[in-house]
Amino acid sequence: MNIFGKAKWKLRYYCVKNLGKIPGFLDGDNYYCNLCGKTSRFFMSYGTKSAVALSMIGSGVRRHCECPRCFSHDRFRWIYEVLLRYSDILSPERTRFLKIMHIASEPGIKAQIKKKSGSLAPMEYLTGDLEQIYSDVKVDVTDMHQFEDDSFDYFIINHVLEHVPDETSAMNEIRRVLKPDGVLFISFPMCLDRKTYDNPEITSPADRLNAFGQEDHVRLYGTDSAERLAQFGFEVKPLIVKEQMSKKEFTRMGLIPEDTIFLCRIKR
Ligand SMILES: [Zn+2]
């Protein structure tokens, strides 16, 4: 993003934050954000027009994407909803027994998990990233030598794998550090009109943008994503917004109907 783009977004946040202080400005029941737990009269549009003609889920401008109160985005709310429905991470009786790795954690979710786990100190929730500045620990998903086999009850990794050239090492490492009965939640940008496209010879930012939809993506996932994940030794269950809730519900939460998170368990 260039300097004008950054200035535009900063101005937008400044305006919304201050307008939000006007009594009643945000009040209404049209939209509900599960992350801040509040309703609003509107959600804000977010995203930039895609520079290439790829129909990736969640790319481009979404009209009702951003909560004006906590600035959460559609996909942050969907992973949080999935954690609420399909894990015991946010259950006060269970969290203290769990060990969780969350790679490139979505804003707001870490705070919710820490809040829910409260004083239940034994729970170990770690955020990881290639740069430790953004997380609790520095983690390269293709080489997690610092963690023993069978370390985690949950491994959460969204919108990361499309940046990782060595997909096989990453998936093998995730399977290694996950406990035998552990759960992997994983997602990535996907196209629903083609199969996964992977070509290591495409390396320049311009060529990657054209082929994969973003300058720093190394792969474009498609309709065969579940089978692709299964090849790494997982049983895969796609959790798709429109199959998990009614249109009324997902519209009110500003979710993308096709947004998909894969719930994976190690094949026995
Ligand atoms: Zn919110």
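This is a predicted model: local features need pLDDT of at least 70, side-chain atom pairs count only at pLDDT 80 or more; totals for chains, interfaces and linings use all residues.
Domain bounds come from an automatic or database domain assignment.

Figure 1. Residues are numbered from 1 along each chain as its sequence is written. The domain assignment of the protein gives domain 1 as residues 3–66 and domain 2 as residues 74–266. Helices (H or I, at least four residues) and strands (E, at least two) are DSSP runs, numbered from the N terminus. By this count the protein has eight helices and 13 strands. Its radius of gyration, taken over C-alpha atoms, is 19 Å, close to the 18 Å that the globule rule gives for 268 residues, so the protein is as compact as a globular protein of that length. The globule rule is 2.2 Å times the number of residues to the power 0.38. Along the principal axes, the C-alpha trace spans about 55 × 50 × 35 Å. A residue is called buried if 20 or more other C-beta atoms lie within 10 Å of its own, exposed if 12 or fewer, and partly exposed in between, with C-beta atoms placed from the backbone. Of the 268 residues in the protein, 34% are buried.

**Figure 2. Where domain 1 meets domain 2.** Taken over C-alpha atoms, the centres of domain 1 and domain 2 are 23 Å apart. Two residues are in contact if their C-beta atoms, placed from the backbone, lie within 7 Å. On this basis, 18 residues of domain 1 are in contact with 22 residues of domain 2. On the domain 1 side, strand 1 (31–33) and strand 4 (62–66) are the elements that give two or more residues. That side has eleven nonpolar, six polar and one charged residues. Here Ala, Val, Leu, Ile, Met, Phe, Trp, Tyr, Cys and Pro count as nonpolar, Asp, Glu, Lys and Arg as charged, and the others, Gly among them, as polar.

Figure 3. Two strands pair if DSSP finds at least two bridges between them. Seven strands form an open sheet in the order 7-6-5-8-9-13-12, with mixed pairing. Strand 7 (137–138) and strand 12 (234–240) stand at the edges with a single partner strand each, so one side of each is left without a neighbour in the sheet. Strand 6 (residues 124–129) runs parallel to strand 5 (residues 99–103), and five bridges join them. Ile-100 stands opposite Tyr-125 in strand 6. Two bridges pair strand 6 with strand 7, again in the parallel sense. The bridge partner of Asp-129 is Lys-138 in strand 7.

Figure 4. Strand 9 is mostly covered, with seven of its ten residues buried. Strand 8 and strand 9 run parallel and are joined by six bridges; Phe-152 stands opposite Leu-178 in strand 9. With strand 13 (residues 260–266), strand 9 (residues 178–187) pairs in the antiparallel sense over four bridges. Val-183 stands opposite Arg-265 in strand 13. Helix 2 (residues 74–86) packs on the sheet and touches strand 8 (152–158), strand 9, strand 12 and strand 13; its direction makes about 40 degrees with that of strand 13. Helix 4 (residues 167–177) also packs on the sheet, touching strand 8, strand 9 and strand 13, and its direction makes about 140 degrees with that of strand 9. Axes are lines fitted to C-alpha atoms, for helices over the stretch in contact, and angles run from 0 to 180 degrees between N-to-C directions.

**Figure 5. The surroundings of Ile-156.** Ile-156 lies in strand 8. It has 29 C-beta neighbours inside 10 Å and therefore counts as buried. Leaving aside neighbours within four places in sequence, Ile-156 is in contact with His-102, Ile-103 and Phe-185. Ile-156 and Ile-186 are 30 residues apart along the chain, and their C-alpha atoms are separated by 6.1 Å.

**Figure 6. Two loop residues with positive phi.** Most residues other than glycine have a negative phi. Asp-150, in the loop between strand 7 and strand 8, has a positive phi of about 55 degrees although it is not a glycine. Asp-150 has 14 C-beta neighbours inside 10 Å, so it counts as partly exposed. His-159 is found in the loop between strand 8 and helix 4. The phi of His-159 is also positive, near 55 degrees. With 17 C-beta neighbours inside 10 Å, His-159 counts as partly exposed.
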